[in-house]
Amino acid sequence: PVLKRKARSLQCRALLPASLPRSKTEVQDKTTCMRNKWCMVSADLSVGYEKPLERLAAIHETTSFLKKSPRAFIQLWIQNNIAPWLPISLARQTTLDVFSRHSLVLTNVPGPEKPCLFAKA
């Protein structure tokens, strides 16, 4: 199997939603109080681990690092302050590049009622 042959060098990247805290001003302002502050961040899903508990520990390590790093804040700043000013062709190419480098997009939106397996795991 591919997973055993490539082991930990195999990558499966996902885009994960990251919610960021709103300032007191944003919460009290009528124009921003109902808005959520969030962006998508990239994370490796550690599919190269054979044992599920090792995989879960690696994913926990990755997501814990993301929660402590400024990556989501930087991504939100770029998406709000630079992306709107890009020429449409560059914005489209950037979007294509981001999505083509990820295997899936995870959300907290409820999914199918029946279990879905990914790579038989």
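Analyst: Let's start with strand 2 (38-44), since this strand is mostly covered: 5 of its 7 residues are buried. Keep in mind that this is a predicted model.

How do the strands line up? The sheet is an open one made of 3 strands, ordered 2-1-3, with mixed pairing. Strand 2 and strand 3 (104-105) are the edge strands, and each has a single partner strand, so one side of each is left without a neighbour in the sheet. Helix 3 (residues 52-68) packs on this sheet and touches strand 1 and strand 2. The direction of helix 3 makes about 145 degrees with that of strand 2.

Now for the pairings themselves. Strands of a sheet pair through backbone hydrogen bonds, either parallel or antiparallel. Strand 1 and strand 2 go antiparallel, with 7 bridges between them.

Thr32 is found in the loop between helix 2 (24-28) and strand 2. Is Thr32 buried or exposed? Thr32 counts as buried because its relative accessibility is 18%, and the cut-off for buried is under 20%. What does Thr32 touch, once neighbours within four places in sequence are left aside? Its contacts are then Arg22, Thr25 and Glu26.

For contrast, move over to the loop between helix 4 (71-81) and helix 5 (88-100), which is where Ile82 lies. Ile82 is partly exposed, at 37% relative accessible area. Ile82 also belongs to a nonpolar surface patch with Ile74, Trp77 and Ile78, and together these residues have about 380 Å² of accessible area.

Leu86 has its place in the loop between helix 4 and helix 5 too. With a relative accessible area of 28%, Leu86 is partly exposed, because that category runs between the 20% limit for buried and the 50% limit for exposed. If you'd like a distance to check, Leu86 and Val27 are 29 Å apart in space, C-alpha to C-alpha, and 59 residues apart in sequence.

Definitions and conventions:
Residues numbered from 1 in each chain as written. Predicted model: local features only at pLDDT ≥ 70, side-chain atom pairs only at ≥ 80, totals over all residues. Heavy atoms only, no water. Patch = residues over 30% accessible without salt bridge, like charges linked within 9 Å, V, L, I, M, F, W, Y side chains within 5 Å. Areas by Shrake-Rupley, 256 points an atom, 1.4 Å probe, with all protein chains shown as cover. Salt bridge = Lys/Arg side-chain N within 4 Å of Asp/Glu carboxyl O. Helix = DSSP H or I, 4+ residues; strand = E, 2+ residues; numbered from the N terminus. Buried < 20%, exposed > 50% of the residue type's maximum accessible area, 1.4 Å probe, protein only. Contact = heavy atoms within 4.5 Å. Pairing = 2+ DSSP bridges. Axes fitted to C-alpha atoms, helices over the stretch in contact; angles between N-to-C directions.
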